[in-house]
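Let's take a walk through this one together, starting with the sheets and ending at the ligand. Keep the view open as you read.

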Amino acid sequence: MKIILNSLILKKELKEIKNLGFVPTMGSIHKGHEYLIKKSKKECKNTLVSIYVNPTQFNNLNDYKKYPKDTRNDLKILKKLKVDLVFIPKTEDIYKKRGTKKIALSQKDKILCAKYRKGHFEGVIDVMDRLTKLIMPSKIFMGEKDYQQYYLLKKYIERKYPSKVINCKTIRDDKSIALSSRNLLLKPKSLVVAANVVKDLKKIKKNINKQKNIKIYLKKESKSLVKKNNIKLDYLEFRNLKTLKTSNTFKNSRLFIAYYLQNVRLIDNL
Ligand code: AMP
């Protein structure tokens, strides 16, 4: 496994490499990331994992500062998985060139997390544009846990580069909580609440089928979810997976949620 800390060296390393799978991460590697890596290793000849906590996608400085980091342990896991290349760049390196044009979301994309985390996806798209341009992978593997991120990047990257963006299922723990590096910030008590929220979401989704008006139903369920679990809710919405438009039918649709536990923002969809 080659560990590369600089984009110039990376460029040289990548010269001879074809059929490259790319798994972008912010580190604190968990089984969700591992699943993406295993899929890349199956589908591509070589796999590159990046570890970079991108400051421009954090709309809250405190959230950026407290984001969990453990590079030493990450490298241990990546080595075990037989990853070919690990790229750990510095911010000065990634942002030394100014972007050609400022990233702007269209009005119809300013929904879900884009509505509640101003500038977040603009930062995500910008850094993924820079990384894709540098790495030029055949495939990029992304998790459905962050479905809106996958949706926006698939549209943006595939329009601009020959790379394909591949979605991978969400990996959960034994209590059905979606794995996330942010879960490391949660006290055991909050993890119990997170498990209860997933349980409630499953019930809510099961009953969607029987509703005449899904919007009114979700409004009512949102209120009881907040009250029962003592959470701060950003949104609970039912949306179509192809268009991300609000959905009125069960088919091809998922329940999307973003909420706070101990000031930690968690997202999920099911
Ligand atoms: P992150 O390090 O949180 O930026 O995530 C890096 C990649 O891993 C993104 O494509 C995420 O969607 C994906 N990912 C994060 N958590 C999970 C999970 N529980 N299951 C599958 N993929 C995940």
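In what order do the six strands of the open sheet run, and is the pairing parallel or antiparallel? The order is S1-S4-S3-S2-S5-S6, and the pairing is parallel. Strands here are DSSP runs of E with at least two residues, helices are runs of H or I with at least four, and both are numbered from the N terminus; two strands pair if DSSP finds at least two bridges between them. S1 (2–4) and S6 (164–168) stand at the edges with a single partner strand each, so one side of each has no neighbour in the sheet. From one strand to the next, the twist averages 25°.

Before going further, a word on where this comes from: it's a predicted model, in which local features need pLDDT of at least 70 and side-chain atom pairs count only at pLDDT 80 or more, while totals for chains, interfaces and linings use all residues. Residues are numbered from 1 along each chain as its sequence is written, and side-chain values use heavy atoms, with hydrogens and water left out.

S5 and S6 pair in the parallel sense over five bridges, and Lys139 stands opposite Lys164 in S6. Helix H7 (120–135) lies across S2, S3 (46–51), S4 (85–87) and S5, running at about 155° to S2. Contact here means heavy atoms within 4.5 Å, and angles run from 0 to 180 degrees between N-to-C directions, with axes fitted to C-alpha atoms (for helices, over the stretch in contact).

Now for the other sheet. Three strands form an open, antiparallel sheet in the order S7-S8-S9. Neighbouring strands are turned by 10° against each other on average, direction ignored. S8 (253–261) and S9 pair over six bridges, and Phe256 has Asn269 in S9 as its bridge partner. Helix H9 (188–208) packs on this sheet, touching S7, S8 and S9, at about 155° to S8. Helix H10 (214–229) packs on it too, touching S7 and S8, at about 150° to S7.

Of the 17 residues around it, Met26, His33, Asp146, Ile171 and Leu179 come nearest (a residue counts as near if one of its heavy atoms lies within 4 Å). Taken alone the ligand exposes 490 Å², and the protein buries 94% of that (Shrake-Rupley method, 1.4 Å probe).

S2 (20–25), H2 (31–43) and S5 (139–143) each supply at least two residues of the shell, with H2 giving the most, three.
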